[in-house]
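Biologist: I have this model open and would like to go through it with you. Can we begin with the ligand?

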Amino acid sequence: MDKLSEIMAAKRQALAGSIRPVRNQELERLGQMQRQGGSFLKALARKDRLSVIAEIKRKSPSAGEIASATLDAVEQAREYVNAEADCLSILTDTDYFGGKLQDLWDVVEFLECHQRKTPCLRKDFMVHPVQVAEAAEAGARCILIIVRALENDEIKALRDAADIAGLDILYEIHEERELEKALRFDPKIIGVNNRDLKRFKTDLVVSEALIPQIPNGIIKVSESGIFDPEDATRARECGADAILVGEALMKAEDPEALMEAFHQA
Ligand SMILES: O=C(O)c1ccccc1NCC(=O)[C@H](O)[C@H](O)COP(=O)(O)O
């Protein structure tokens with residue numbers, strides 16, 4: 001079993017007790033609340049620079065500990081927002097990434113208090129609309145759908161729930177056949193994950209092979225393994241509108257300078 005399958009199985013087990021039918025009415029109500037932020041999609045669609053989704057990530061299966069388990073998500077968000085991140089990605093998985101749903105609540109509250117519109121992605125292993133409702137309630141503006149990890153009917157249920165709640169969707173792919181599968185769902189944003197979750201290796205060749213195949217009109221994101229401005233330039237040159245960066249920004253001595261260099265790539 002590869003790591004992604006292991007994580008998905010653990011997530012399904014952990015969620016089993018909280019699965020319940022999620023009514024459209026509830027999702028509509030959450031959509032009307034729209035607690036925070038501007039549109040995730042629009043924040044990625046800038047023509048003047050490469051957009052950056054900055055991830056709050058304490059640990060990961062591939063890197064181990066990236067930051068202290070006690071890292072304050074709000075302080076990290078403050079650094080990212082001051083550095084002009086276009087969007088934030090907040091890992092809410094606890095067991096493998098050391099995050100929690102409360103991080104999303106706290107960061108959104110911080111953004112609201114400071115009148116910042118930086119939209120947030122709830123980065124988690126989504127399997128059921130209950131998680132979409134949680135994301136909307138906490139103030140996320142986007143959810144992640146890992147195409148390879150889900151059956152078509154599961155993707156449809158998540159897509160329909162997100163649409164009703166007014167959330168954007170980042171469809172994540174790693175192989176050509178996953179692009180074909182993603183395109184059946186009329187995606188507005190597709191992320192190409194450069195990380196091979198069997199061997200944990202990242203290679204920007206994955207973005208270079210897949211991003212040019214994504215049809216025009218869809219926002220293209222290169223994810224994982226982007227460490228320096230040269231990597232960002234490679235992503236930009238193969239057609240990425242945005243990059244999603246975790247480890248490099250979490251560990252950067254000067255996140256503002258690195259963010260600026262990414263934007264200018
Ligand atoms: O990062 C991992 O080790 C990992 C393992 C299994 C499933 C997902 C994983 N990462 C999730 C991500 O998509 C990354 O956190 C994100 O793209 C940022 O990557 P990086 O800039 O390399 O930290």
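Modeller: Helix H1 contributes the most to the shell around the ligand, namely three residues, where helices (H or I, at least four residues) and strands (E, at least two) are DSSP runs numbered from the N terminus. Please keep in mind that this is a predicted model, in which local features need pLDDT of at least 70, side-chain atom pairs count only at pLDDT 80 or more, and totals for chains, interfaces and linings use all residues. Residues are numbered from 1 along each chain as its sequence is written.

Biologist: How many residues surround the ligand, and which are the closest?

Modeller: There are 21 residues around the ligand, and the closest are Ser-60, Ser-62, Ser-224, Gly-246 and Glu-247; a residue is near a molecule if its C-beta atom, placed from the backbone, lies within 6 Å of it. By type, the shell divides into eight nonpolar, seven polar and six charged residues, with Ala, Val, Leu, Ile, Met, Phe, Trp, Tyr, Cys and Pro counted as nonpolar, Asp, Glu, Lys and Arg as charged, and the others, Gly among them, as polar.

Biologist: Changing topic, what do the strands form, and in what order do they run?

Modeller: They form a closed barrel of eight strands, running S1-S4-S5-S6-S7-S8-S9-S10 with parallel pairing, where two strands pair if DSSP finds at least two bridges between them. S6 (residues 142-146) and S7 (residues 168-173), for instance, pair over five bridges, and Cys-142 has Asp-168 in S7 as its bridge partner.

Biologist: And helix H6, why is it largely enclosed?

Modeller: H6 (residues 129-138) is largely enclosed by the rest of the structure because eight of its ten residues are buried, meaning that 20 or more other C-beta atoms lie within 10 Å of a residue's own, with C-beta atoms placed from the backbone. The buried residues of H6 pack against helix H2 (24-33), helix H5 (101-113), strand S5 (120-123), S6 and H7. One of them is Val-132, which, not counting residues up to four places away in sequence, touches Met-126, Ile-143, Leu-158, Ala-161, Ala-162, Ala-165 and Leu-167, contact being C-beta atoms within 7 Å.

Biologist: What about His-174, buried or exposed?

Modeller: His-174 is buried, with 23 other C-beta atoms within 10 Å, and its place is in the loop between S7 and helix H8 (176-183). Leaving aside neighbours within four places in sequence, His-174 is in contact with Arg-148, Asn-193 and Val-206.

Key:
Two residues are in contact if their C-beta atoms, placed from the backbone, lie within 7 Å. A residue is buried if 20 or more other C-beta atoms lie within 10 Å of its own, exposed if 12 or fewer, and partly exposed in between; C-beta atoms are placed from the backbone.
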